[in-house]
Amino acid sequence: MPATSDLPEAIARTQASLARYQHAIGPGPDSDPAIDAAWILHRDVAALLPAALALIAERDDLARRLETARRDPLTGLPTRAAFTAAAEQLLTTAAAPTALMVDLVDFKAVNDTYGHQAGDAVLAAVGRRLADWAGPAAACGRLGGDEFTAVLDTDPADLPERTAKLRASLEQPVERDGQVLAVGASIGTATRTGHTDLGLSALLRAADQAMYADKGRGRRGRRQTTPAHTLAA
């Protein structure tokens, strides 16, 4: 079957062939019934091709719009609904699924001081950094405002070091039009071990509680080198 982009050319070729067949062996009183049947089939297929092309174009457009709807336009991360679907799927296969919640510190000050476009630049950078840190096998999302989340399969023993690296990455200033935009990050994590009936909502709640505990440690969570970690059972 030709690719969608090749269909206009295929239609033109088919229509040209049909015209040649009609001229050479068009139906008549002395024509061969088998040739007549082939000619009629050829004609009918040629008539259907434009409709098929339109349907394929409509399908492709719908797929593009659905993909756009699943992505946060600012960060490129999945929306809440798309993240939930991906995270729940990951929970069925991960050996040690970990949920992570991130809330930016001093983000309002960036918006108030430099404007919403500067804040948008920070959110976009945070989205990229979180996705790079989590990796392609993880489920990441922006829940709204300056709150982000991820679910990944990772060794709990490696988690403190990994989350410390994430904090360092998120706290790297964002440069925009000569401005240096700095925010901090409160991070909470929760790992499911041993109890596979623990669902996504419970895991995210545990991570959220850990994140708020991290907020209580002071500005940008710098009183400890790693975020709070709740082991969910």
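Let me start with a helix: on α4, the face turned away from the buried side carries the exposed residues K108, D112 and T113. By buried I mean under 20% relative accessible area, by exposed over 50%, and by partly exposed anything in between, with a 1.4 Å probe and protein chains only. The buried residues of α4 are F107, V110 and N111. Seen down the axis, those buried residues fall within an arc of 95°, so they line one face of the helix. The arc here is that of the directions from the helix axis to the C-beta atoms.

Before going on, a word on the model. This is a predicted model, in which local features need pLDDT of at least 70 and side-chain atom pairs count only at pLDDT 80 or more, while totals for chains, interfaces and linings use all residues. Residues are numbered from 1 along each chain as its sequence is written, and side-chain values use heavy atoms, with hydrogens and water left out.

Now the overall layout. The protein chain has 7 helices and 7 strands. Helices (H or I, at least four residues) and strands (E, at least two) are DSSP runs, numbered from the N terminus. Reading from the N terminus, the order is α-α-α-β-α-α-β-β-α-β-β-β-α-β. Of the chain's 233 residues, 40% count as buried.

So what holds the inside? The largest nonpolar core has 26 residues, and those with the most contacts inside it are L100, V102, L104, V122, L130, F148 and L166. Which of them gives the largest share? That is α5, with 8 residues. There is also a second, separate core of 18 residues, and L143, A190, L203 and M211 are among them. As general background, nonpolar side chains tend to be buried together in soluble globular proteins.

Two of those names, L203 and M211, take us to α7, where both are on the list of buried residues, together with L200, L204, A206, A207, A210 and D214. They cover an arc of only 160° around the axis, which puts them on the same side of α7. The face turned away from that buried side carries the exposed residues R205 and Q209. As for length, α7 has 16 residues and reaches 22 Å from its first C-alpha to its last, close to the 22 Å expected at 1.5 Å a residue. That expected span is 1.5 Å times one less than the number of residues in the helix.

Let's compare notes on α3. It has 12 residues and reaches 16 Å from first C-alpha to last, close to the 16 Å expected. Its buried residues are A82, F83, A87, L90 and L91. They cover an arc of only 165° around the axis, which puts them on the same side of α3.

Both helices come back at the largest pocket. What lines this pocket? The lining is R80, F83, T84, E88, M101, L143, E147, L200, S201, L204 and D208. The elements giving two or more residues to that lining are α3 (80-91) and α7 (200-215). A pocket here is found on a 1 Å grid over the protein atoms alone: an open set of points where a 1.4 Å probe fits, with protein on both sides within 12 Å along at least five of seven lines, and lining residues have an atom within 4 Å of a point. About 170 Å³ of space lies in the largest pocket. Volume means the space filled by probe spheres set on the points, with grid points joined across faces, edges and corners. By class, the lining has 5 nonpolar, 2 polar and 4 charged residues. Charged means Asp, Glu, Lys and Arg; nonpolar means Ala, Val, Leu, Ile, Met, Phe, Trp, Tyr, Cys and Pro; the others, Gly among them, count as polar.

D106, in the loop between β1 and α4, has a positive phi of about 70° although it is not a glycine. D106 is partly exposed, at 29% relative accessible area. D177 has a positive phi of about 50°, again without being a glycine, and lies in the loop between β4 (174-176) and β5 (179-181). At 67% relative accessibility, D177 counts as exposed.

Last, S186 sits in strand β6 and is buried, at 2% relative accessibility. S186 and D103 are 83 residues apart in sequence and 5.2 Å apart in space, C-alpha to C-alpha.

Note on methods: A nonpolar core is a set of buried Ala, Val, Leu, Ile, Met, Phe, Trp, Tyr and Cys residues joined through side-chain atoms within 4.5 Å.
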